[in-house]
Amino acid sequence: MKRSINKVAVIGSGIMGSGIACHFANIGVEVLLLDIVPRELTDKERQKGLSLDDSSVRNRIVNEHLATALKSSPSPIYHKKFADRITTGNLDDDLHRIAEVDWIIEVVVERLDIKKQVFDQIEQYRKPGTLITSNTSGIPIHFMSEGRSEDFRKHFCGTHFFNPARYLKLFEIIPGPDTSTEVLDFLNSYGEKFLGKTSVVAKDTPAFIGNRIGIFGIMSLFHLVKEMKLTIEEVDKLTGPVIGRPKSATFRTVDVVGLDTLVHVADGLYENCPDDEAHALFKLPDFINTMMENKWLGSKSGQGFYKKVKGEDGKSNILSLDLDTLEYRPQKKASFDTLELTKSIDRPIDRFKVLVGGKDKAGEFYRKSFSAVFAYVSHRIPEITDDLYKIDDAMKAGFGWENGPFEIWDAIGVKEGLEMMKAHGEKPAAWVEEMIQSGNDSFYTVKEGHSFYYDIPSKSQVKVPGQDAFIILDNIRESKKVWSNSDAVIQDLGDGILNLEFRSKMNTIGGEVLQGINKAIDLAEKEYNGLVLGNQAANFSVGANIGMIFMMAVEQEYDELNMAIKMFQDTMMRVRYSSIPVIAAPHGMTLGGGCEMSMHADKVVAAAETYIGLVEFGVGVIPGGGGSKEMTLRASDTFKKDDVELNALREYFLTIGTAKVSTSAYEAFDLGILQKGKDIVVVNKDRQIAEAKKQALLLAEAGYTRPIKRKDIKVLGRQALGAFYVGTDGMYAGKYISEHDKKIANKLAYVMAGGDLSEATYVSEQYLLDLEREAFLSLCTERKTLERIQHMLKTGKPLRN
């Protein structure tokens, strides 16, 4: 049976329900979102003379919940228009409409009795064969399926989305006793291919996989922080980006999620896992009980482990909770010698050996905490899953870990990890020792570009399933390397397609990256069929190397700076006008030069979570790598005889002038950065490089011909220049912009108007590039610009001066 999902019903419109509804709308699915009917009127409804029978009242709960979700930040929706795909209703009037849907997702309150009542109602209208799943985070699936019809049980399982549904990739699928294999296989594939998730099939055990391991990790730290007399700042320093975890680390994460949410899951594990060897760790420490009594729950209550207060000067300050006195105090800076040793190590996975070898308190912390985690995850197999890679997948996709626990153990060394655990009184599961004895000394291996994991029953390395749709650059970086320098690597993706991967810090674009792009195009034009510009770091590129620009400007090496900017421009034009198709694959932050590179590619295959924009105004300059030229060209292409051309140009001018950054790839189409009918979006970033390769092949096989350089760009000259100058004068007079902002805006206006021309004229790309470079260089001589660049280098934030 071929199954497709065209319409889903989401029952329950709270934070999770609305978030799930929005994500299905994100991928183009029609959604029916239902919730209960209010039992009484609000004061506002009474004043309007409404009754409980009015539709606006009956749908008030679902409409208010959805509206709140759509206003939240970060947004659950890729584009505000996508919300039109969601229809709201209530369970009394609209439940019969679930007969029209392909998948029903229950997301009501976490009480078994209420869920069973909802399922009773659903069974009255659900058509046979319709998928029916529960988004429970912990209620056993077998309890929910009891007493249901055979068809219901066959098509029923748990589907646990993590909050927020758009951003967290973990999609746990928990089969019930009678769930069909066809349903599990379909959901596993659909989650990955359409929802952009990491699908993980889990066993029906308390908290499943992600929360079982994640809550253990947090509860273990709650006890360790007291044992080692650490501050919360120290723990957050040790458990954040340095080990590939989110900036919110441990205690800030609990504040964001809500201490009550964590306690609810921990209590459930304490009650339902009496045989867990770490059972005692799930018992709440005294300081957590006190915080719960005081309702110090985190962000939702205004204070938790951290508390924001306003000082006498009116500025906000963040206070930290002292876990000994349970009083708030000013934050203390945390620093450790061991962390200093890792500053030159770019990848977190390469830091772990150094961290556990530390001679200070940090080293002891890592040895103790990793020993506990390694022991715990080893004992969860086969209880929560039979496959170790699923635990790593769950922690990476659900908790934002860059590396899963077994990957970290591999990085330290399996034997070394065992010795470390023994020294700290931790005992691994027997299968780990058996693995070593069988001649396997690692949990993972890479063969011919594919990842393999240690399969416990067969005592052998088995290929991780589902990789065929992906290209994993980590697995081919060395074996398929064609050329490299310190900041770039060219790999052979097969079928005549090369990939150019940035390897610089934050993937900034400097001379080495530009050399790599030119070398990749040289090679592709001689021996290959196409080129992908793609990487799998957290961000595609944060832009040009502004540190290099700053040093040249400070030293007044203007000839060298002019040459560097021209090389950047020439490289972007080479991306546009090579004899082979070039595909850009942006994702994450794609700013400044990263955006310019994408705009010059033949086609963009963007990840849905791409935050792209020309942000050069923030450092006191205009886009100088072809971005100002390209936005002028694109504005010109929109000019029509019956439109006011200046209005079209103004939109593109403002996109640069206000440094707009899209909050998704779909918003980038509105900004004119991505182009409809040419560029495409993929929801699952893991598929992006493979899709980009496919698009390069399609263009090559269709008979790709080098484009002809443009000489037909219409610029408006003084007409546009005068209008822009009047606008910047008004903004400055109204104190909306600084004097330097005005200067930058006027420089941009000069470029996009095509200079001080007496009438509208058709010009070439090179003409605009020369104006762009001249304006960029002149701004680099300004003291205010240098101050902005210096501030950005120090703080990572723009300065308005």
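The side chains of Glu-478 and Lys-481 form a salt bridge with an N to O distance of 3.5 Å, a salt bridge being a side-chain nitrogen of Lys or Arg within 4 Å of a carboxyl oxygen of Asp or Glu. Glu-478 is exposed, at a relative accessible area of 58%, and Lys-481 is partly exposed, at 37%. Here buried means under 20% relative accessible area, exposed over 50%, and partly exposed in between (1.4 Å probe, protein chains only). The model is predicted: local features need pLDDT of at least 70 and side-chain atom pairs count only at pLDDT 80 or more, whereas totals for chains, interfaces and linings use all residues. Residues are numbered from 1 along each chain as its sequence is written, and side-chain values use heavy atoms, with hydrogens and water left out.

Lys-693 is buried, with a relative accessible area of 12%, while Asp-495 is exposed at 54%.

A further salt bridge joins the side chains of Arg-503 and Glu-501 at 3.7 Å, N to O. Arg-503, Glu-501, Arg-347, Asp-350, Asp-474 and Arg-477 belong to one network, joined by salt bridges that share partners. Within the pair, Glu-501 is buried at 3% relative accessibility, and Arg-503 is partly exposed at 33%.
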